[in-house]
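Hi there,

Here is the structure I promised to pass on to you. Have a look at it first, and then read on for what I found.

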Amino acid sequence: MIREPLIFEISDKGKKAFALPKLDVPEKKDVLAGFSVRKDIADFPQVSEVEVVRHFTRLSQQNYCVDLGFYPLGSCTMKYNPKVNEKVAGFREFALSHPLAPETTIQGNLEIIKLVEDYLCEIAGMDAFTLQPSAGAQGELTGMMLVRARLEESGNPRKYVLTPDSAHGTNPSSAHLCGYTVQEVKSNANGTVDLDDLALRMNEDVAALMLTNPNTLGVFEYDIKKIAAIVHAKGGFLYMDGANMNALTGVCRPGDMDVDVIHINLHKTFSTPHGGGGPGAGPVGVKKILEPYLPIPRVVRRGEGFGLSFDHPKSVGRVRSFYGNFLVIVKALAYILTLGPDGIREIAEIAVLNSNYIRKSLETLYSLKYTTPTLHECVFSDRIQKELGVSNLDIAKRLIDYGLHPPTMSFPLIVHGALMIEPTETESRRDLDMFIEAMTNIAREAKENPEILKSAPHHSYVRRLDETAAARHPIVKWIRESKS
Amino acid sequence: MSYISLSENDKREMLARIGVSSIDELYGCVPDELRLKRRLRLPVALSEPELVRQFERLAGKNSFPGMLSFLGAGSYRHFIPSVVDYLSSRGEFLSPYTPYQPEISQGTLQVIFEYQTLVCQLTGLDIANASLYDGASAAAEAVLMANRLNNKAKILVPRSLHPQYRETIRTYIKNLGVRIEEVGFTSAGALDLADVARKLDKDTSAVLVQSPNFFGVIEDLEKIGEFAHGHQALFVVTVAEALSLGILEAPGNAGADVVCGEAQSFGLPSNFGGPVLGFMACKKEHLRQLPGRITGQTTDVDGKRGFVLTLSTREQHIRREKATSNICTNQAWCALRATIFLETLGHDGLREAAIHNIQKADYAADRLGRIAGVKRKFGGRFFNEFVLELPREIPKVNEALLAKGVVGGLDLGRYYPELGRAMLVCVTEMHSKEDIDRLAATLEETLR
């Protein structure tokens, strides 16, 4: 493959890919007088349009993506992103809407927000939703702020938040940003919350338990109602991290599990593309008791239409500008309307079928630390291969040679050398079998030819990269080399 | 319509291999009492033609895009070259995850590296992150970063900062022992330096300033920076209209320690407020406290240049509660669009576009200011927004304008009751002289 230079390396003075129309107002000569103007922007690119197009087209070809193949990144729900969703979200009536436009001129947008709030309430079994949070982590922060506001009102915001030792890193980080000290709850031999440990740690200084269900092992917290009861008995709140909703849609609802507050990732369960890292959306759903604290503005029904309502004195305020990642919300609505009630249930059922098919097919080759039944994802480890000197990293990198994206690695932290596999519901039998076959070959290669794993990948655009050097001597932007 | 790829036969065979007779059996680990015994109450599934019709119906309820608008206030309409939509809609950019596996993510990683470089060039700082959610949350992150850097509790925040940025900062700091003190503005609409001097003390962590500020006025950054540094406070500059960076002196050159803001102007439509693009850059000595992802250059085992996510010991997936921020998913695809946009406009295009904004806004301010009873509220130099004082209630004026297909400027009454009948007008390179004259004529008619 051609090595694609940085744009700065092909830039040259005077090249252009853009022209403005001639200025049609009378030009004022001294218009730049009176403030600090920059002479130039040193080293800013100057290239032609063809160069721009080839540059990004070539760069795009160095990416693996869902449109290309199987992407079993556990906890990330890399399902297919329907193309019609992109089409409708691109309608100019949505994209060109100014967020401060008069309400009468953006009724379609407000209706979309309200519809998605209502549908998420039904799917999650909650009483109200806010769509403002930009991503899962901001949803967590928002959710914990609601809890804190409610507790503060009753006199004591409390000091601690509990998270299981299997939790996503964002959970403790979000709790900390909300002013809480984090305490870990142990997992039991099944990989689920240890009820005795929870009961021991749960007291009137604890604001909430943040729990992912099914948890990061893919295991459903069978005792969720008991967990909720332990937390509620001490006046705490049960926060559910909805990152794994893809296992549950239409089958069971967090609201019915006595969850008080939940965030959902539209870029996971509701099919919006991840865009190489974002944008996503992290709507937060609550039970009635937390509704008064939701961020403002809220979308309300007004007569035949919709309006924005700011008069919520107990609200925690806003967590960002405007109303959230609106176009992501549009795509989620398109997805919900396309699938309907049966399709939404089918998401979860087939995701669970696919995951169990992979688990069953690989369980004699790779170690499962927890043999508890799992739903939409399963977590193997490198325990067996480790004895041959092969790590989860080597396995992951070798998968790249088979034309596949590796699973999530080294998470959850309670499984040493983890390989976390989430196939999602959209994959074909052929894709699942290709992955199983690759993993089967790799298990054999680990025995017969471990070197081929340790030096993988062999066929990618670049080979194994030195991440330690990158962190030790950070080069985080291009700098012109001085000519000597 | 569904997006399932299994046939009935596949399902049967897969169940057989697993050793269960039904999918229901796989849910045996969910207590029966928690299983939903009914269908979800959602509308029945739509086919693609029905779906498109449904969204055409919803889109039809938005009359705004057909109107002539002069709204800005943190969301701007600029020209977006065709290559931006064309290239950014490629599945290779749209459908991958965060580049955790660098060997098969060099496209995304190199784009972020170029993006970081462009942000550094524009802001005049050393290091930029890979994006944040938006300008408002970026300002909040900057405030928290300043507090981590010097452990001081007080932040000076101007009243001329975007009201939604102020609200967001307030939400973020509420539970963290950081407090804000508001600094006023002068009759020219600029930051009140005397008020800054009064409020700056040894407990001040940072002085935050927006430039151009919410009223469109360009601030004297150098002077404000000297004040801040004179009291060992950090100097944080936020930019809500990133296009201004194409012509205004880079804040980093004027002494800023941290520059953050909103880069929606770089290749993103208004999108009804989101997705947009938060950015942040800082001096290299503050690198360890910068929130968000960072891409760095390295080499592979063959010595070939490549890029990886780096310095992740700042981040939540490694440091958990000790991380610099809880951010995980960011706005990477928006940063891609900004990168394509900036590389397409290039050095001269960006500068010329910025100058067109200044020229057109200047013409508009002049033209509108000649209407009887209308005057510019502030004397300060401005980029593409300015405040008008009108002889009549703004909501009434805007209603009359709207009836004629014109969306006037933002009514500042709700945010700044002290300003009286004031309207924030935004004019960009997208407005023709004819558009501006139409606003003037319609306003004249309305006020008559």
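M210(A) stands opposite Y239(A) in β5 of chain A. This is a predicted model, in which local features need pLDDT of at least 70 and side-chain atom pairs count only at pLDDT 80 or more, while totals for chains, interfaces and linings use all residues. Residues are numbered from 1 along each chain as its sequence is written, and chains are lettered from A and ligands numbered from 1 in the order in which they are written.

The two strands β4(A) and β5(A) pair in the parallel sense over five bridges. Here strands (E, at least two residues) and helices (H or I, at least four) are DSSP runs, numbered from the N terminus, and two strands pair if DSSP finds at least two bridges between them.

Strand β4(A), residues 206–212, also pairs with β2(A), residues 160–164, in the parallel sense, over three bridges. Across that pairing, Y160(A) stands opposite V206(A), and L162(A) has L209(A) as its bridge partner. Seven of the seven residues of β4(A) are buried, so this strand is largely enclosed by the rest of the structure. A residue is buried if 20 or more other C-beta atoms lie within 10 Å of its own, exposed if 12 or fewer, and partly exposed in between, with C-beta atoms placed from the backbone.

Seven strands of chain A form an open, mixed sheet in the order β1-β7-β6-β5-β4-β2-β3. Its edge strands, each pairing on one side only, are β1 (128–130) and β3 (181–185). On average, neighbouring strands are turned by 25° against each other, direction ignored; axes are lines fitted to C-alpha atoms, for helices over the stretch in contact, and angles run from 0 to 180 degrees between N-to-C directions.

Which helices lie across these strands? Helix α6(A), residues 136–153, lies across β1, β2, β4, β5, β6 and β7 of chain A, at about 165° to β6(A). Helix α7(A), residues 170–177, lies across β2, β3, β4 and β5 of chain A and runs at about 175° to β2(A).

Between the chains, 166 residues of chain A are in contact with 157 residues of chain B, where contact is C-beta atoms, placed from the backbone, within 7 Å. Helix α10(A), residues 326–362, gives the most to the chain A side, with 22 residues.

The largest nonpolar core has 302 residues, and Y239(A) and L208(B) are among those that touch the most other members. Such a core is a set of buried Ala, Val, Leu, Ile, Met, Phe, Trp, Tyr and Cys residues joined through C-beta atoms within 7 Å. Helix α10(A) gives the most to this core, with 21 residues. Leaving aside neighbours within four places in sequence, the contacts of L208(B) include A139(B), V143(B) and V236(B).

In chain B, there are 14 helices and 15 strands, and buried residues make up 60% of its 448 residues. Eight of the 11 residues of helix α8(B), residues 163–173, are buried, so this helix is largely enclosed by the rest of the structure. Among them are Y165(B), I169(B) and Y172(B). The buried residues of α8(B) pack against α7, β3, β4 and β6 of chain B.

Notes: Two residues are in contact if their C-beta atoms, placed from the backbone, lie within 7 Å.
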